[in-house]
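Please consult the sequence and structure shown below.

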Amino acid sequence: MATGVIHSGVCGFTINVKAVCEDRHKVKLEITSDCPNYQKIAQELTEIDAFKEIFQKLHMGTVYQTFAKYSPHPSCPGVSGIMKTVEVAAGLALPQNASIQITKE
């Protein structure tokens, strides 16, 4: 099992992801969030094939297509956080924190 906690930024929403994979392919997802867009995404995105998602072109995977359907913010880091959590659950990546730091001068 892998878990991810994504703090989206100025909107203040948090996305929690729990990903369970027993066969290195099928990943069961449990997504919870205070973001109304991710609540819709969570209802639809409950199980995916990790290999199909990780090795698809960016816009063709189920995660990104579901995200595009419900989120009006293409820069939201939540979708990337879900993908990283899926990778770790399927054994395709090591667990490591990632971050984005933005400043304006």
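Which residues in H3 meet which residues in H4? Val63, Tyr64 and Phe67 in H3 meet Val79, Ser80, Ile82 and Met83 in H4, where contact means heavy atoms within 4.5 Å. The residues of this contact comprise six nonpolar, one polar and no charged; Ala, Val, Leu, Ile, Met, Phe, Trp, Tyr, Cys and Pro count as nonpolar, Asp, Glu, Lys and Arg as charged, and the others, Gly among them, as polar.

The model is predicted, and local features need pLDDT of at least 70, while side-chain atom pairs count only at pLDDT 80 or more and totals for chains, interfaces and linings use all residues. Residues are numbered from 1 along each chain as its sequence is written, and side-chain values use heavy atoms, with hydrogens and water left out.

H3 (residues 62-70) and H4 (residues 78-89) pack at an angle of about 155 degrees, with their axes 10 Å apart. H3 and H4 are therefore roughly antiparallel to each other (angles over 145 degrees, on a scale from 0 to 180 degrees).

| H3 | Val63, Thr66 and Phe67 | 100 degrees |

The arc is that of the directions from the helix axis to the C-beta atoms. The face of H3 turned away from its buried side carries Ala68 and Lys69, which are exposed (over 50% relative accessible area). The cover over the buried residues of H3 includes H1 (36-44), S4 (47-49), H2 (50-54) and H4.

Conventions. Helices (H or I, at least four residues) and strands (E, at least two) are DSSP runs, numbered from the N terminus. Angles under 35 degrees count as roughly parallel, over 145 as roughly antiparallel, 65 to 115 as roughly perpendicular and the rest as oblique. Buried means under 20% relative accessible area, exposed over 50%, partly exposed in between (1.4 Å probe, protein chains only).
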